[in-house]
Amino acid sequence: MKKTTILYQTISEAIKKDILTGKYPVDSFIPTENELEAMFEVSKITIRKAIELLVSEGYLEKQRAIGTKVISNRLFNKLAKAQSFSTILTDEGLEVDKKILTIRSLKKQEIADLGVAFQGNVTEVKRLYYLDGAPFIYYTHYLADIYHGINESQLDQLSLYQLMKENGQTVARFEDEFDVKLLTAAEQEILKTATSHLLERRRFSYNEAGQIIEYSLGLYNTDLHAYRIHYEV
């Protein structure tokens, strides 16, 4: 597994170099997955991981049924300053999987207790992340009403923030709050833990207009792995 991780990073750096040197200009499309697979003589999953890394760093954007577009050729992108936690884990050679538990629409009045000023109704998405097969992070996301009709296959194909961008909502900034939460019996069952308290992260994501477009609650079983953030400077 570690070898695959190093390989996709190497391919990602090679594609990034071609972007930075102008081989793939901004607004152009990089070769298809099949073409890249042949060029680098690796598996499709390795190519996909390399592309996903460049998407997370703000260099590429996946456009469904069209291709993968170059959106930046800056050496340092705003999105590259902090790696996602799942990227950090996979870079360590750990296996990270996710499962959609539920997706449902909620009226604005149904989320009044959250104390979050959404403009209208929301879509609630509950997800469970696994670390080497063990339940690790339990997420509850509340997404602005623009995501009406979101389905499981969309979340399997794209990251949550890629899906938000495809629906016309780009995250301009976000704020994180951390606390220790007393677990309910249901949360203990979902995470398969007897621990009474876990780390909770609350994230508030805003668009360019300053409107909240996502509010999420994440429960992290830090008995399995510490919460870690890597920054580039």
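**Figure 1. Contacts of Phe29 in the predicted model.** Leaving aside neighbours within four places in sequence, Phe29 is in contact with Gln63, Ile66, Gly67, Thr68 and Lys69. The model shown here and in the other views is predicted. Phe29 is found in the loop between α1 (2–20) and α2 (33–40). Its relative accessibility is 38%, so Phe29 counts as partly exposed, since the class of partly exposed residues lies between the buried limit of 20% and the exposed limit of 50%. Phe29 and Ile71 are 42 residues apart in sequence, and their C-alpha atoms are 9.4 Å apart in space.

**Figure 2. The hairpin of β1 and β2.** Strand β1 (residues 60–63) pairs with strand β2 (residues 67–70) in the antiparallel sense, over four bridges. The two strands form a hairpin with three residues between them. Ala65, in the turn, has a positive phi of about 65°. Gln63 has Gly67 in β2 as its bridge partner; both Gln63 and Gly67 are also in contact with Phe29.

**Figure 3. Side chains along β1.** In a regular strand the side chains alternate between the two faces of the sheet. Along β1 the side chains alternate: Leu60 and Lys62 point to one face and are buried.

**Figure 4. The largest nonpolar core.** This core has 20 residues. Those with the most contacts inside it are Phe118, Tyr142, Ile212 and Tyr215. At least two residues of the core are supplied by each of β3 (96–106), β4 (122–131), β5 (134–144), α6 (160–166), β7 (197–206) and β8. The largest share, four residues, comes from β8. Another core, of 17 residues, lies apart from this one, and its members include Tyr8, Ile47, Ile51 and Leu60.

**Figure 5. Surroundings of Ile212.** Ile212 is one of the residues with the most contacts inside the largest nonpolar core. Leaving aside neighbours within four places in sequence, Ile212 is in contact with Val116, Ala117, Phe118, Phe204, Ser205 and Tyr206. Among these, Phe118 is also listed with the most contacts inside the core.

**Figure 6. Asn221 after β8.** Asn221 is placed in the segment after β8 (212–220). Asn221 has a relative accessible area of 5% and is therefore buried, the limit being under 20%. Not counting residues up to four places away in sequence, Asn221 touches Pro135, Phe136, Leu191, Thr193 and Leu198.

Conventions. Residues are numbered from 1 along each chain as its sequence is written. This is a predicted model: local features need pLDDT of at least 70, side-chain atom pairs count only at pLDDT 80 or more; totals for chains, interfaces and linings use all residues. Side-chain values use heavy atoms; hydrogens and water are left out. Buried means under 20% relative accessible area, exposed over 50%, partly exposed in between (1.4 Å probe, protein chains only). Contact means heavy atoms within 4.5 Å. Two strands pair if DSSP finds at least two bridges between them. A nonpolar core is a set of buried Ala, Val, Leu, Ile, Met, Phe, Trp, Tyr and Cys residues joined through side-chain atoms within 4.5 Å.
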